[in-house]
Amino acid sequence: MCGGFTCSKNSLLALNILYVVVSFILIGVAAAAKAASFVTSLSLVSGIIACGVFLLLISIVGLIGASKHHQVMLFFYMIVLFIIFIIQFSVACACLAINENQEKLVASKGWAIAGNDTRQDAQTFFGCCGYLSELGNETTSMDHPSCVAVKMKKGGTCCDKGVNDTNCCRGGNTTSCHCETCDGPIQAAMFRGFNLVGGIGLFFSFTEFLGVWLTVRYRNQRDPRANPSAFL
């Protein structure tokens, strides 16, 4: 029957194979979201990456423990998996709970501390120029590298041909700036990243709780191939 030893063993093995796949999904999606933000260090997303790495390692322990019905390995697996569930669930909820004002603050601080090379990469990737930061009731323009060669997503460059860096998207000295500032695209990328990583992390965290319950059940079942008088 499905509630027997063999069914529990096969279910736990299948679940750990799923964990291996899930761990790569978590690591890949979180790394992509972190890379897309460019100027910001998304520590919450890094937490999901760490959960993915630990999940990959502990799933290997789970596969070995389930195949051998090893009590010590299964106990260790159960405890660590429950800890991963708590951390991943908490971090995923935090990613989904971040509001627009918090995203603006993180993005503006990231731009302020980023070097010119990082800012140039962000401008090239998003097809934007400069950054507008809201401080109190004032909107302040932050410094930025040259936008002369930056190409917009819709085609064309930020400034007309022949315009030098001094007059290209430089505050009051600018003649014509066709590019939008980078605050909008960066915050949009952060929003998508947080929601995607948080949603995936939250969904798969419940499968980890299922794994803990299944492990507890499997550990307390008797192996029919072992000595019938022994309770393994």
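Analyst: Buried means under 20% relative accessible area, exposed over 50%, and partly exposed in between, with a 1.4 Å probe and protein chains only. This is a predicted model: local features need pLDDT of at least 70, side-chain atom pairs count only at pLDDT 80 or more, and totals for chains, interfaces and linings use all residues. Residues are numbered from 1 along each chain as its sequence is written, and side-chain values use heavy atoms, with hydrogens and water left out.

User: What is the relative accessible area of Cys128?

Analyst: A disulfide, defined as a pair of cysteine sulfur atoms within 2.5 Å, joins Cys128 to Cys182 with an S to S distance of 1.9 Å. Cys182 is buried at 0%. Cys128 is likewise buried, and its relative accessible area is 0%.

User: Is the disulfide of Cys158 and Cys179 left-handed or right-handed?

Analyst: The sulfur atoms of Cys158 and Cys179 are joined at 1.8 Å. Because the torsion about their S-S bond is about -90 degrees, the disulfide is left-handed.

User: Which cysteine holds the sulfur closest to that of Cys93?

Analyst: Cys93 is partly exposed at 31% relative accessibility. Its sulfur lies 9.4 Å from the closest cysteine sulfur, too far for a bond, and that sulfur is in Cys95.

User: Which residue forms a salt bridge with Lys104?

Analyst: A salt bridge is a side-chain nitrogen of Lys or Arg within 4 Å of a carboxyl oxygen of Asp or Glu. Lys104 is partly exposed at 23%. The closest N and O atoms of the pair are 3.7 Å apart, and the partner of Lys104 is Glu100.
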